[in-house]
Amino acid sequence: MVTVDSIENQEFDNFKLKRAAFDFSGLSTDEKPKPTYESTVIRNGSTFMEMDTGTLYFYDEENQEWRA
């Protein structure tokens with residue numbers, strides 16, 4: 001299940017950048033999401049909860065990785 005907390009639209013020199021904070025959940029064996037489009041950014045504060053282990057990950061936007 002994916003829940004979108006918020007979406008902000010920003011314009012930089014006529015280029016629209018969508019930034020969204022997401023709450024993801026899945027199993028520990030599931031691949032954690034990464035941005036799939038250049039114009040979409042998963043921002044800091046997005047979370048991924050492993051339902052089977054209870055581990056909560058936070059997204060590191062600068063390094064584009066999930067951290068427990």
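**Reading burial, core and surface**

Tutor: Thr-47 counts as buried, at 13% relative accessibility; buried means under 20% relative accessible area, exposed over 50%, and partly exposed in between (1.4 Å probe, protein chains only). This is a predicted model, in which local features need pLDDT of at least 70 and side-chain atom pairs count only at pLDDT 80 or more, while totals for chains, interfaces and linings use all residues. Residues are numbered from 1 along each chain as its sequence is written, and side-chain values use heavy atoms, with hydrogens and water left out.

Student: With which residues is Thr-47 in contact, leaving aside its neighbours within four places in sequence?

Tutor: Contact means heavy atoms within 4.5 Å. On that basis, Thr-47 touches Phe-22, Asp-23, Phe-24, Leu-56, Tyr-57, Phe-58 and Trp-66.

Student: Which residues make up the largest nonpolar core?

Tutor: A nonpolar core is a set of buried Ala, Val, Leu, Ile, Met, Phe, Trp, Tyr and Cys residues joined through side-chain atoms within 4.5 Å. Here the largest has seven residues: Phe-22, Phe-24, Ile-42, Phe-48, Tyr-57, Tyr-59 and Trp-66. Two or more of these residues come from each of β2 (15-26) and β5; strands (E, at least two residues) are DSSP runs, numbered from the N terminus.

Technical notes:
Helix = DSSP H or I, 4+ residues; strand = E, 2+ residues; numbered from the N terminus.
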